[in-house]
Amino acid sequence: MREIKITKVQAGQRLDRFLGKYLPEASGGFLHKMLRKKNIKLNEKKAEGNEKLMDGDRIQIYFSEETLEKFTGKNQKKTEPKQQLTAKQKELRKQVRLLFASENVLIFHKPAGMLTQKAERTDDSLNDYLLDYCQEKGYVDEQMLRSFRPSVANRLDRNTSGIVLCGITTAGLQALSSLLKERKLEKYYLCLVRGKVEKNQKIRGYLRKNENDNKVTLYQKPMEGAVPVETWYEVVRNTEQASLLKIRLITGKSHQIRAHLASIGYPLFGDGKYGSRSFNETLRKEEGVKYQMLHSYELIVPENLSLPLKELEGLHVIDPVSTDFSNVLKNWNVMAPSVEVEER
């Protein structure tokens, strides 16, 4: 018999889903059969499988060690050596900063150039950094990772910097995902665009993504396959040549800020996908701009949150722009006193 004690990291999951992760080689039908036959119990009592696990709960699994090894996959899976990071990946990891920590949530600064989640096996990402960070701090261990893995809750494009929310417990990740889905968190971005934007406004359109080139197109009228999007922006400072904007996404679709602003004639500095290639090449050579100048700058959490995120009520997080970002703003005379800059 093996007994598993549920920690606060794992709490919040349904029993049957927890078992499916802990015993990945066992079918759902088999696990429910074992529950009915009391070969798996919760707190030494018969369980249905739909119970929500709580911190301190104990699961008893009355299998032989051989059977447990079979259903946990130990016999089939070889432990892969830990991926060796490249020099560039190590440098990007050094730029990650912790902005906030609580029992359920971590908030990090993601540098431009780092993926939020890996696309290929050899990629490194903020999510990989998060897993290593949680193991180093003792938030999770190898056994816990079999049933729950801390994860990022929102994504930024590889070349966009700024605030990323992460759930380090089941309850924290579930609550963050719900808040993001219901758009209850206020998230603001800063971006530098070409041209003089005259006034604050909310712009609307219809966005369609082309999976072949990972590019989106904005339309003014409804189109087949296009979804409605709304983007609000405030002009922080402007000149005839450039404007610094503060953005709030009413909707949150892939490439929305970049494509929406380019569609109305204000492409982002450094955006090779939706801006001018020749202009951006000049920027790269003369000012070292390697990425689009878009930064997830500010997060405001409402007051009326319920547990388990009570500790986040009224939280206000600002992720200062990098010195490289601020230097470009200064060079184009659009730096504002209200913009905080990273201290080095």
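Predicted model: local features only at pLDDT ≥ 70, side-chain atom pairs only at ≥ 80, totals over all residues.
Helix α10, spanning residues 323-331, has five named positions in its buried set: Thr323, Phe325, Ser326, Val328 and Leu329. The cover over these buried residues of α10 includes β9 (186-194), β13 (242-249), α9 (277-287) and β14 (294-300).

**Around helix α10**

**Overall architecture**
- The protein contains 10 helices and 15 strands.
- Its C-alpha trace extends over about 75 × 40 × 40 Å along the principal axes.
- Among contacts in the protein with a separation of 6 or more, 62% join residues 24 or more positions apart.

**Burial and surface**
- The protein has 344 residues, and 47% of them count as buried.
- Its accessible surface amounts to about 18,400 Å², and carbon and sulfur atoms contribute 45% of that area.

**Cysteines**
- A disulfide is a covalent bond linking the sulfur atoms of two cysteines.
- Zero disulfides are found in a search of the whole structure.
- For cysteine 166, the closest cysteine sulfur is that of cysteine 134, and because the distance is 7.9 Å, the two are too far apart for a bond.
- Cysteine 166 counts as buried because its relative accessibility is 0%.
- Cysteine 191 is likewise buried, its relative accessible area being 0%.

Notes. Residues numbered from 1 in each chain as written. Heavy atoms only, no water. Helix = DSSP H or I, 4+ residues; strand = E, 2+ residues; numbered from the N terminus. Buried < 20%, exposed > 50% of the residue type's maximum accessible area, 1.4 Å probe, protein only. Contact = heavy atoms within 4.5 Å. Areas by Shrake-Rupley, 256 points an atom, 1.4 Å probe, with all protein chains shown as cover. Disulfide = S-S within 2.5 Å.
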